[in-house]
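Visitor: Could you walk me through a structure today? I would like to ask about a few residues as we go.
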Amino acid sequence: MELSRLEYIAEETIAKRKAIRILCCGAASCKSSGSESIINELKSSIEAQGLQDEVEIVPVGCMKFCGRGPLVEIAPLNLLYENVRPEDASSIVSALKGEGEASAPLGDYKHPFFALQMPIVLENSGKINPESIEEYIAVGGYQQLYRALHEMTPQEVVREVVTSGLRGRGGGGYPTGLKWATVAKMPSEQKYIVCNADEGDPGAFMDRSVLESDPHRIIEGMAIAGYAVGANQGYIYVRAEYPLAIARLQKAIQQAKRQDLIGTQIFNSLFDFKIDIRVGAGAFVCGEETALIASIEGDRGNPRPRPPYPAQSGLWGCPTLINNVETYANIVPIIREGGAWYANIGTEKSKGTKVFALTGKVNNTGLIEVPMGTTIRQIVEEMGGGVPNNNEIKAVQTGGPSGGCIPYQYFDTPVDYESLKELGTIMGSGGLIVIDEDTNMVALARFYMEFCRGETCGKCIPCRTGTVQLYQMLTKILNGEATEADIGKLEQLSHMVKATSLCGLGQTAPNPVLSTLHYFKEEYLQLLK
């Protein structure tokens, strides 16, 4: 494959497009809402009205505004229809001919939900067919891999990532460029690239949506990473609960192989890179990198003490670069536009954008991508439209079971790694759950503790028994059987589990308890006997 071949595929794909393209959401959430029936009805209506030569149906990935889905966009007219039903198909097609109006309600791309977004990771989401490599190539796909291989040294690629200031989007926020540089410097003939797609937080669907909407972006990002650090084998570790994401990844890998975009001597260079998929059984602990490594190796997904870190000794004892889906999705635009461009977005210490799954007690649920430093208020009240039924907003939960609650009085806080840490929570992978006045914060803390109790691997005693004891204490409080002394014991045990657990699961499991105790202690005290 040469660059000229990529350009030819892009030109040919664009030339074959029909005048009007009806983009239909094909993400898992929309499929469950009947998007396939809508697509079939649209096809039938196009044929019935004789528009086959002018109009085509394009199943795309997540169109972001999940709360108003299924969504249908008419390109290039920039018309968006919301809450589309199969019976709306005929009127939508008739409207294209100027015969009446569509029965589906019109959306508005000027709505704050869309207007305040800055799509970098999601720039292709909802715009291209994720099952077509030609569509990805038509929007510039794989050109940055070519550029890296033929115009940049591995050190220059690493330097761009360092300059960008990109931090790991899996939750820890470790500088991505520093991790890449560490793996690149390791003297080993065999190195590995791993994409952590084991997204397990309740309410989180960011990585799933990226994989379903733009799988080739992840493949290209991993290949660039492999070239930069000297690795020739990649693994995507994805949970079995994401069947559509797995199917699209498998198809994308096969397509890339057929086009010689992964495999041996990519773009007639000396670089070889292969990618395999490993499907996880759904254990939350396997999101922790050493447990993930054990699972890929075929062992039980138990974490191990660090050091050595995976960058030094990972898969089968070899240096291993592990980043999550969103991190790899940022690599292509960073190489395309330059690290300095990316570093100009966001805050001083938190660069770029962040993808969030906005959900919970909020009017506008969906997938958003905003610059780091956007305030919680902008996300929840402007983009999210506040909470339903005119209820009052109480808090937001970030970081899932590993994070904490941020009360309403702190909603002017910018969303970045440092600011959230000061409030006693973490960025996490990007779940952002809105909580209203009807939510009992003690019950919420118990919900997350129940989750962690069930997901602990059991290897270390503090997590194995501590989460059980914390759950029982929270239940005792909710049942009105606890005394004020139990509140002290709850806090003391939370700090002990946090300080002595082996891995991130146990170390962060008490966070929802500690944050609700800190900000909503009166709700605990009201339940005492």
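Visitor: Let us start with Q397. Where is Q397 placed?
Guide: Please note that this is a predicted model. Q397 sits in strand β11, which covers residues 393–398.

Visitor: Is Q397 buried or exposed?
Guide: Q397 is buried, because its relative accessibility is 1% and the cut-off for buried is under 20% relative accessible area.

Visitor: Which residues does Q397 touch, leaving out those up to four places away in sequence?
Guide: Its contacts include G403, G404 and C405, as well as G431, L432 and I433. I435, L444, Y448 and P512 are also among the residues that Q397 touches.

Visitor: What does the side chain of Q397 reach at 2.8 Å?
Guide: That side chain reaches the backbone oxygen of G400.

Visitor: And how far is Q397 from G366, C-alpha to C-alpha?
Guide: The two C-alpha atoms are separated by 16 Å, and the residues are 31 residues apart along the chain.

Visitor: New topic: T353. Where is T353, and is T353 buried or exposed?
Guide: T353 belongs to strand β9, residues 353–360. With 0% relative accessibility, T353 counts as buried.

Visitor: What does its side chain make a polar contact with?
Guide: The side chain of T353 pairs with the side chain of E369 in a polar contact of 2.6 Å. E369 is also listed among the residues in contact with T353, together with V370, P371 and M372. Others in that list include M118, I120, R169 and E326.

Visitor: Now the backbone. Which peptide bonds are cis?
Guide: One of them runs from G69 to P70, with omega near -5°. Another joins A75 and P76, where omega is about 5°. As a general point, most peptide bonds are trans.

Visitor: Where are P70 and P76?
Guide: P70 lies in the loop between β2 (55–60) and β3 (72–75). P76 is found in the loop between β3 and β4 (79–81).

Visitor: What about phi in N83 and D260?
Guide: N83 has a positive phi, near 50°, and D260 has a positive phi, near 60°. Neither residue is glycine. In general, most residues other than glycine have a negative phi.

Visitor: Where do N83 and D260 sit?
Guide: N83 is in the loop between β4 and α4 (89–96). D260 is in the loop between α12 (243–258) and β7 (274–280).

Visitor: Why does N83 count as partly exposed, and what about D260?
Guide: N83 counts as partly exposed because its relative accessibility is 36%. D260 is also partly exposed, with a relative accessible area of 44%.

Terms used: Residues are numbered from 1 along each chain as its sequence is written. This is a predicted model: local features need pLDDT of at least 70, side-chain atom pairs count only at pLDDT 80 or more; totals for chains, interfaces and linings use all residues. Side-chain values use heavy atoms; hydrogens and water are left out. Helices (H or I, at least four residues) and strands (E, at least two) are DSSP runs, numbered from the N terminus. Buried means under 20% relative accessible area, exposed over 50%, partly exposed in between (1.4 Å probe, protein chains only). Contact means heavy atoms within 4.5 Å. A polar contact is a pair of N or O atoms within 3.5 Å; within protein, one must be able to donate a hydrogen and the other to accept it, and residues adjacent in sequence count only if both atoms are side-chain atoms.
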